Amino acid sequence: MADLSLYRNIGIFAHVDAGKTTTTERILKLTGKIHKLGEVHDGAATTDFMEQEQERGITIQSAATSCFWNGYRLNIIDTPGHVDFTIEVYRSLKVLDGGVGVFCGSGGVEPQSETNWRYANESEVARIIYVNKLDRVGADFYRVVDQVRNVLGARPLVMVLPIGEEDDFRGIIDLLTEKAWLWDESGDPEKYEVIDVPEEYKERVAKYREELIETALEQDDDLMEAYLEGQEPAIEDIKRCIRKGTIKLDFFPTYCGSSFKNKGVQNVLNAVVDYLPCPTEVEPQPEIDLEGNETGKVAIVDPDGPLRALAFKIMDDRYGALTFTRIYTGKLKKGDSVLNTFTGKTERIGRIVEMHANSREERDSAQAGDIVALLGMKHTQTGHTLCDPDNPATLEPMVFPDPVISIAIAPKDKAGMDKLGVALQKMVQEDPSFRIVTDEDSGETIMKGMGELHLDIKVDILRRTHGVEVVVGKPQVAYRETITRRIEDSYTHKKQTGGSGQFAKIDYVVEPGEANSGYQFESKVSGGNVPREFWPAVEKGFRVSMDEGVLAGFPLLDVKVTLTDGGFHAVDSSAIAYEIAAKAAYRQSVPKAGPQLLEPVMKVDVYTPDDHVGDVIGDLNRRRGMIKSQEPGPTGIRVKAECPLSEMFGYIGDLRTMTSGRGQFSMEFSHYAPCPSNVADDVIKETLERKAAR
C-alpha cells in the first residue's frame with residue numbers, strides 16, 4: 001500500500017500570464033515526466049492541450065498530471081488565470097492539500113491573484129509563494145513581497161534572495177543553507193553550481209536569515225528560548241517549524257526565479273516536498289447526512305476506512321466522460337459499485353485512469369489521497385460525493401456563482417439541432433458556471449456564462465470540438481428587479497364549479513428585503529384563520545412568481561413577504577387554492593410596490609501605463625463607472641472601479657486602442673444596483689419589444 005506521507009496534492013494558481021503553465025512545464029521536465037519542453041507562446045505546453053488554449057496562449061481548463069521528485073509523488077493541477085474561468089481554480093483548490101501561488105516579478109499582485117488567494121483562504125489550503133519572471137524588465141522581488149504583505153494581508157516568509165534582477169538575474173541565495181545557486185546561460189536547468197554567498201550580499205542575507213529563523217521558531221517555544229540564549233538551531237529543526245507554520249497558514253514560504261530561463265524551479269520543488277502537507281496532515285472534510293445536516297464526523301484520510309470521494313470536474317473526451325475524483329477515505333477498485341449521495345443512484349466504476357494532461361495510464365485501483373479520473377460514471381456531476389453504499393455520507397458540496405451574461409444561440413441548419421442539444425448537455429456537465437436555459441416565450445436556447453471570453457470560448461468549442469455551426473445573438477445582461485415600497489394588501493380567491501369549489505383568503509405585507517437577501521417568507525397568522533398546513537402553499541405561490549418580475553419579466557430579488565391573516569372554508573379550502581391566491585396576490589401587489597430594475601455591477605481592475613491614466617478614467621466615467629482607487633506600480637497605474645456590466649461589452653478593444661495595446665483589465669461580478677431611470681426605460685422597452693417580436 002502506498003505511503004501517504006510521500007504524497008503531495010498541489011495546485012498551481014495565479015493571475016493570467018504570471019507563468020503558471022510554464023512553471024508546470026519546467027516541473028515536468030525536471031521530474032523526468034517529459035523530455036522536451038513545450039512553450040506556451042508556441043502553443044506546445046503539455047497542460048494546455050485544447051486547441052483554444054494553444055491559439056490564445058491562456059489556460060482555460062485545469063489539467064491534472066502526476067510526477068515524482070526525490071521519491072515523493074506530486075499530483076499537480078495547473079489552473080487557469082483568466083477571471084472568466086475562476087470556477088476551475090475554485091473547484092481545484094477544494095480538493096487539493098497545498099498550492100503554489102505564482103506572482104509575476106514585474107506585475108506583482110494582480111487582480112486575479114487576489115481572487116485566487118481569497119479562494120485558497122476560504123478552502124484553507126497551505127501555500128508557498130513563487131515570484132516568477134525575475135528576468136523581466138521592471139522585476140523587483142522585494143516589491144512583490146511587500147505587495148503580498150499589504151495587498152493580500154498575508155505573511156510571506158522569504159526563503160531565498162535573488163542574485164541580480166531583470167537582464168542580470170543569474171540565480172538565488174538559499175537563506176537556510178547560506179549557499180548561492182548560479183545557473184549558466186545555456187538554459188539547461190541542470191547546469192548550475194552551488195557556491196558561497198557573494199561578498200556584496202552577505203549583509204542582506206544575514207538580515208533576512210535572522211528574520212526567517214525568528215519567524216519559524218515562533219512555532220516552538222523551546223527552540224525559541226534556546227535561540228534567544230544564543231544557541232543556533234539545526235537546519236532540520238528550522239525546517240520542521242517552517243512546515244508546521246505553513247500547514248497552519250501562519251506564513252507562506254516565498255521563493256523566486258525565472259521558469260522560462262529555467263532558474264529556481266528546483267528550489268520550489270524542494271519546498272513543495274519539505275513544507276506542503278501530505279493528505280493526512282490536512283484538516284479532514286466534514287461529513288453531511290442525506291438531509292444536508294452536519295453529522296459531526298469527518299472523512300479522515302485512511303485507506304482502510306469506508307469510501308468517501310468527491311467528484312470535482314467532468315471532462316468529455318473521445319473515450320467518453322472522465323470524472324476527476326479526489327479520494328479522501330477508503331479504496332476504489334475497477335468494477336466497484338459506489339453510491340452517489342446526491343442522486344441516490346449506485347454507479348459502477350468502469351475504469352480508473354491516472355491523467356497526464358490529455359494522455360492517461362490505466363490503474364486497477366486507487367486509494368485515499370489519490371486524484372484519479374473515473375470512466376463509466378453516468379449520473380455523477382461536479383460536487384457529487386461517491387461513497388460506500390453500505391455506509392453512506394456526503395462531503396461538503398461546492399457552491400458555484402451565478403452567471404452574469406447570456407447570449408442566444410441557434411444551429412445554422414435543422415440537422416444541427418440534435419447535435420447542439422447533446423453538445424450543450426456535455427458542456428454543462430463539464431462546467432458548473434455555464435448554464436443553458438430555453439426561453440419559454442420564444443423557444444430560443446440561451447447560453448449563460450461568467451464573461452464575454454467565457455461564452456466566446458464555448459461557441460468556439462461548439463464549432464470545433466462538436467462540429468456544430470451556430471448563429472450567435474447579441475450578449476444580454478442578466479438584469480433583476482426589486483421593489484422599493486411596503487404594501488399591505490389582501491386577496492380572496494373564490495371559484496365555484498359544481499361540486500366542491502375553491503376558496504382562499506390571504507392578508508399579507510410585501511416589502512423590500514435586505515440587500516442580497518433573496519426572497520424571504522414569514523407567517524404571523526395566529527388563531528388558525530389560515531391553517532398551518534396551507535402556509536407552505538402560500539410561500540410557494542409567491543416564490544414561483546418571483547421568477548418573473550412585473551417590469552420586463554426579470555427575476556425579482558430582495559423581497560420579504562409576511563402572511564398576516566386570512567380566511568378559509570372548511571370544505572373548499574385547499575393547498576392549490578392558497579397557491580393560486582398567492583400568485584394572484586403577487587400580480588396585484590408588486591406593481592404597486594414601486595418596482596425597480598437592478599443591473600449587475602462589476603468590480604473592474606484596469607492596469608494602464610502612466611501616460612494613459614486620464615484617458616482610461618475618462619472612459620470609465622463615460623461608462624457610468626465609479627472610480628474606487630488608483631495605485632501606482634513600477635510600470636503603470638492600477639485603476640480600481642465599479643462599472644455596470646452593460647457598459648463593458650467590447651471594453652478590451654477600446655482599452656487596447658487607448659493604451660496602444662499596453663493596457664490590461666479584469667472584472668468580476670460585485671453586486672446588483674438600481675438602474676438609472678433613463679437606462680431602465682430603454683432596457684424595459686427593448687425587452688418588451690423583443691418579446692412581442694417573438
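1. With which residue does Arg622 form a salt bridge? The partner is Asp619, with the closest N and O atoms 3.7 Å apart; a salt bridge here is a side-chain nitrogen of Lys or Arg within 4 Å of a carboxyl oxygen of Asp or Glu. This is a predicted model, in which local features need pLDDT of at least 70 and side-chain atom pairs count only at pLDDT 80 or more, while totals for chains, interfaces and linings use all residues. Residues are numbered from 1 along each chain as its sequence is written, and side-chain values use heavy atoms, with hydrogens and water left out.

2. Arg622 and Asp619 are three residues apart in helix α14 (residues 613–622), so about one helical turn separates them. Helices are DSSP runs (H or I, at least four residues), numbered from the N terminus. Arg622 is exposed at 64% relative accessibility, whereas Asp619 is buried at 9%. Buried means under 20% relative accessible area, exposed over 50%, and partly exposed in between (1.4 Å probe, protein chains only). A network of salt bridges links Asp619, Arg622, Arg623 and Asp654.

3. The structure holds 34 salt bridges. One of them joins the side chains of Lys239 and Asp274 (3.3 Å, N to O). Lys239 lies in helix α8 (residues 235–247) and Asp274 in helix α9 (residues 265–275), so the pair ties together parts 35 residues apart in sequence. Lys239 is partly exposed at 25%, as is Asp274 at 26%.

4. The structure holds zero disulfides (pairs of cysteine sulfur atoms within 2.5 Å). Cys104 is buried at 4% relative accessibility, and Cys387 is buried at 0%.

Definitions and conventions:
Helices (H or I, at least four residues) and strands (E, at least two) are DSSP runs, numbered from the N terminus.
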